[in-house]
Amino acid sequence: MLEGIFVEGLIYAIMALGVFFTFRILDFPDLTVDGSFPLGAVIMATSLTAGQNPLAGLLLAFGGGVLAGFVTAAIHNRLKVPHLLAGILTMTMLYSVNIRILDNRANLPLLRVDTVLTHVAAWAENRIPVEWAALIFFILVVLIIKLALDLFFHTDMGLVFGALGNNEQMVRVQGVNPATLKLIGVGLSNGLVALSGAFAAQYQGFADVNLGQGIVVSGLASVMLGEFIIKSNRIGMLTLRVILGAILFKAIMYLGRFYGYYINMTPNDLKLIAGILIIASLAVTNYRRIRGKGGTAA
Amino acid sequence: MIRLENLACTFDAGTPNAKTVIKNFNLTVAAGEFVTIIGSNGAGKTTLFNLISGSLMPTSGRVWIKDQDVTAHPEYKRARYLGRIFQDPLAGTASNMTLEDNMMITCKKGFKWPVISLNRKMRAYFRDQLIHLKMGLEGRMKENVSSLSGGQRQALTLLMMVLSRPAIALLDEHTAALDPRNAAVVMDLTTRFIREHRLTTLMITHNMNHAIAYGSRLLMMDAGEIIIDVSGEEKAHLTVPRLLEMFADIRREAFGNDEMLLTGGRNLGH
Ligand SMILES: Nc1ncnc2c1ncn2[C@@H]1O[C@H](COP(=O)(O)OP(=O)(O)O)[C@@H](O)[C@H]1O
Ligand SMILES: [Mg+2]
């Protein structure tokens, strides 16, 4: 069970990194996530069922997520629709799109197809236990994504992303169109989210169009939990704490699922717990800030 | 370099709150000119800069920059030619990022690709530039900009502005938020940079002495119009009493009494 928590946490960490990008770097609260996560899952499941190899499926899922992000950013940029509404529009449309991709079904099992995980299991055979192989595999995947993101934020474009959420005026004065940056940023973010959905489908053994419900809230909760445990503003630490936050979040959800019945909790209460976690984080952050201010003033 | 033709700007047009802030505004600024702009609060000076930079679109009239009609161009496109500094020292930098990151973002205008340009050579170049500020910032390149004082931030913003090689500088009371000592340092840097880089400059100031002492041309704005425009010999011999006298004459012509003059004069003399 312990590896399970870590593996699921790592898979969700990829999604949380996407949420971190939009919410924290771009200052663009993007709700597309609830649609692009299952989008990644259904693209992956469909392409595996069609006989594609897993790598092609992952790339397609990533590409699909990028397109979904483009749609949200374009609605926001072109029609001057607030970001929240733009995200909700795309998310709602994606629900229908996802069912279409599954050929008018709501879910698709992945029982007798080769997934990334069957490849990993095949490699692990006679070497190490399969569960550990999956864990090592996902640690590597998340590490590569984390390092790629860190590198990206050190490029000229990445630095401008850093400035955009902080001081949009400065970006415009620099001759960069913020609308273009938002398009790229929201696109990349949803690409990551869809990638996460693609891995989740393979790990769970099925794709379901309802997989994404409330995903953005768990992503945000992961980001906030991470901010709780590590204080830093170095980009390497920022991405690391998102990953740790996602694992911690999964652990808390596991605890809720397995020990919750002692206090009459059911799995249906988990979304409530996720929301309360976020509210508690906000309240504590607020409290710290007020106390911090009072301290300096006194 | 800059040409404004019959420019007008009305806020909330078509409502009872309609307010014309710039009206029949015509101005030509030649390359290399250093224009100082004074005028009472609410005269429309900042709005004028917003119209030039494209953060506001005019109700009517045209804006030309470098013999190009840019009236329809969005702000980020005009930014190629413009360096703009605001009164608020926080406005020009990203406070959650380091000095060197800020300088990397601002040292070149235009779209940024995902390539890493911030290398040892670039850092050495930034360090050389920071040494000229004589503020010890060259040793603090990895610190967040939020740890700098207002004067340091404004000096840094100024440096970053000239490094990006704009043709035109728009300075909007950029020393007003600083204490006198820092204001003097930033003003010295400003004149040095303008000279060294041959920047065509428009500088809004609330300080009449500065408006007279600096630059090659002086504009006074009132209620969205230019009411005084002096340059050359006349500007060189200008004094504060002479300027107030000119303002009074114009007021007397316009209203035929001195009542308006007094209120106008008081607003002007911060
Ligand atoms: N966005 C806006 N909407 C409505 N009125 C505005 C707006 N911006 C400026 N104004 C008004 O226009 C007038 C001129 O403002 P401004 O150009 O900032 O003056 P100055 O910089 O000369 O002090 C002021 O009366 C101000 O209240
Ligand atoms: Mg102003």
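# Salt bridges, ring pairs and an interface

The side chains of K250(A) and E8(A) come together in a salt bridge, with N and O 3.5 Å apart. This is a predicted model. K250(A) sits in helix α11 (residues 235-259) of chain A and E8(A) in helix α1 of chain A, so the bridge ties together parts that are 242 residues apart in sequence. Is this pair buried or exposed? Both K250(A) and E8(A) are buried.

Helix α1 takes part in another such link. The side chains of E227(A) and R24(A) form a salt bridge, 2.6 Å from N to O. E227(A) belongs to helix α10 (residues 215-229) of chain A and R24(A) to helix α1 of chain A, so this pair joins parts 203 residues apart in sequence. The two partners can be looked at one by one. E227(A) has a relative accessibility of 19%. The cut-off for buried is under 20%, so E227(A) counts as buried. R24(A) has a relative accessible area of 35% and is partly exposed.

Now move to helices α8 and α9. E168(A) forms a salt bridge with K182(A), and their closest N and O atoms are 3.8 Å apart. E168(A) is in helix α8 of chain A and K182(A) in helix α9 of chain A, 14 residues apart. E168(A) is partly exposed, at 29% relative accessible area. K182(A) is buried, at 13%. Which residues do salt bridges with shared partners join here? E168(A), R172(A), K182(A) and E75(B) form one network. Over all chains, the whole structure holds 15 salt bridges.

E75(B) and R172(A) meet through their side chains in a salt bridge, 2.7 Å from N to O. Across the interface of chain A and chain B, the rule finds 1 salt bridge. It also finds 12 residue pairs in polar contact there, with both residues at pLDDT 80 or more. Which elements of chain A give two or more residues to the side that touches chain B? They are α6 (130-152), α7 (156-166), α8 (168-173) and α9 (178-204). Helix α7(A) gives the most, with 7 residues. By class, this side of chain A has 10 nonpolar, 11 polar and 2 charged residues.

How many residues meet across the interface? The contact involves 23 residues of chain A and 32 residues of chain B. The two chains bury about 2,300 Å² between them, and 62% of that is on carbon and sulfur atoms. Three residues stand out on chain A. D156(A), L159(A) and Q174(A) supply 28% of the area that chain A buries against chain B, more than any other three residues.

Aromatic rings come next. A pair of rings is described by the distance of the centres and the angle of the planes. The count is 14 aromatic pairs over all chains. In one of them, the rings of F21(A) and F153(A) have centres 5.3 Å apart and planes at 75°, so the pair is edge-to-face. F21(A) is in helix α1 (residues 2-26) of chain A, while F153(A) is in the loop between α6 and α7 of chain A, 132 residues apart. Both residues are buried.

Another pair is F138(A) with F199(A). Their ring centres lie 5.4 Å apart and their planes stand at 85°, so this pair is edge-to-face. F138(A) lies in helix α6 of chain A and F199(A) in helix α9 of chain A, so the pair ties together parts 61 residues apart in sequence. F138(A) and F199(A) are both buried. Rings can also form clusters: ring pairs link F21(A), F152(A), F153(A) and F161(A).

Notes:
Residues are numbered from 1 along each chain as its sequence is written. Chains are lettered from A and ligands numbered from 1 in the order in which they are written. This is a predicted model: local features need pLDDT of at least 70, side-chain atom pairs count only at pLDDT 80 or more; totals for chains, interfaces and linings use all residues. Side-chain values use heavy atoms; hydrogens and water are left out. Contact means heavy atoms within 4.5 Å. Buried area is the accessible area (1.4 Å probe) that two parts lose on being put together, summed over both. A salt bridge is a side-chain nitrogen of Lys or Arg within 4 Å of a carboxyl oxygen of Asp or Glu. A polar contact is a pair of N or O atoms within 3.5 Å; within protein, one must be able to donate a hydrogen and the other to accept it, and residues adjacent in sequence count only if both atoms are side-chain atoms. Helices (H or I, at least four residues) and strands (E, at least two) are DSSP runs, numbered from the N terminus. Ala, Val, Leu, Ile, Met, Phe, Trp, Tyr, Cys and Pro count as nonpolar, Asp, Glu, Lys and Arg as charged, and the others, Gly among them, as polar. Rings of Phe, Tyr and Trp (its six-membered ring) pair if their centres lie within 6.5 Å; planes under 30 degrees apart count as stacked, over 60 as edge-to-face and the rest as tilted. Buried means under 20% relative accessible area, exposed over 50%, partly exposed in between (1.4 Å probe, protein chains only).
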